[in-house]
Amino acid sequence: MRGVFIKLAPVIFLVLWSGGYATAKLGLQHAEPMSFLALRYACVLVLMWPVYLVLRPEVPTRLISWVHLAVTGLFKQAIYFGMSYLAFADGLSARGVALIVSLQPILEAIFAPLFVSEIVSRFRWLGLLLGLAGAALVIGSRQEISTASWAGVVFAVTALIAMSAGSIYEKRFGVKQHPVVATIVQFTVGFLVIWPIALVREGFAIEYTPALFASLAYLVIGNSIIAVSLLLYLIREGEVSRVSALLFLVPPAASLIAWAILGEEMPLLAWLGMAVAGAGVLMASKPGGKKPSRVRISR
């Protein structure tokens, strides 16, 4: 059963994560970016605390374990999503952000050997480059990478660095905590960072409409709870460079979902890009070479 779940988990993660782009686009028509993100995090916490009280999962017994969870939350929830939403607010298109963030597997493949003792083979490097090329084809075919301010580009690049750092940090220092505990800690960190920014920058401006609630429901349950839990699971079970290669499929999959939900055009070049990205991910996901022994870290 576990083997079947491991095979299905990447597919489920890809669909849920990619669907967040089109869904967020709907929600952001009714709320300012940081306000919407803060509301999203608040809803996640409202849902997760009753689950914790019912399940009563074990919690970390050492302070350093809490610190590792909090740092991962800072990178992935506060900085990554926060910077991505600020990039949207400063004029960078969703696909522009997606193109920049899709560099994550390359960034991790470069730095993972230094921190988590992973060896990235030449064959896997070729797969990573093919994945990037396919993602660029999909996004470029849409001709929607709008010209944005330098601040928007800097925000997106910061999001890229934060997500890469968070994944490597999770693999290097992460402890196998119950997903409910990890979710509560990390989204609490995200909320505590994002909410004051939303309050000061936007006055927590939100227009409560059915479309907003529908978008929020998907982002909270499918994107924030299920997809993030799957991402943490995949990072802990597989090599960072193999797991992050899945993100090359996010821009193509996001474009496909937007085509189905929003009726956005999918040119022939975009379909070709999806095929190239898929081939690249398949190559990058093949088992790598030998790993050097790792230094055991006391936690």
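A helix here is a DSSP run of H or I with at least four residues, and a strand is a run of E with at least two, both numbered from the N terminus. Keep that in mind. Glu170, for instance, lies in helix α7, residues 150–173.

A word on the model. It is predicted, so local features need pLDDT of at least 70 and side-chain atom pairs count only at pLDDT 80 or more, while totals for chains, interfaces and linings use all residues. Residues are numbered from 1 along each chain as its sequence is written, and side-chain values use heavy atoms, with hydrogens and water left out.

Now the whole chain. The protein chain has 12 helices and 0 strands. Its length is 299 residues, and 52% of them count as buried. Buried means under 20% relative accessible area, exposed means over 50%, and partly exposed lies in between, with a 1.4 Å probe and protein chains only. Next, contacts, meaning heavy atoms within 4.5 Å. Take those with a separation of 6 or more: 90% come from residues 24 or more positions apart.

Back to Glu170. Is Glu170 buried or exposed? Glu170 counts as buried, because its relative accessibility is 2%. Its side chain makes a polar contact with the side chain of Thr72, at 3.3 Å. A polar contact is a pair of N or O atoms within 3.5 Å; within protein, one must be able to donate a hydrogen and the other to accept it, and residues adjacent in sequence count only if both atoms are side-chain atoms.

Stay in α7. Ala151 is also found there. Ala151 counts as partly exposed, because its relative accessibility is 32%. Ala151 and Ala87 are 64 residues apart in sequence, yet 7.4 Å apart in space, C-alpha to C-alpha.

On to helix α2, residues 33–55. Its 23 residues reach 33 Å from first C-alpha to last, close to the 33 Å expected at 1.5 Å a residue. That expected span is 1.5 Å times one less than the number of residues. After α2 comes Arg56, with a positive phi near 50 degrees.

The protein chain exposes about 13,700 Å², and carbon and sulfur atoms supply 71% of it. These areas come from the Shrake-Rupley method with a 1.4 Å probe; for residues, only the protein chains shown count as cover.

Which helix gives the largest share of the nonpolar patch? α1 does, with 3 residues. Val4 sits in helix α1. Val4 is partly exposed, because its relative accessible area is 47%.
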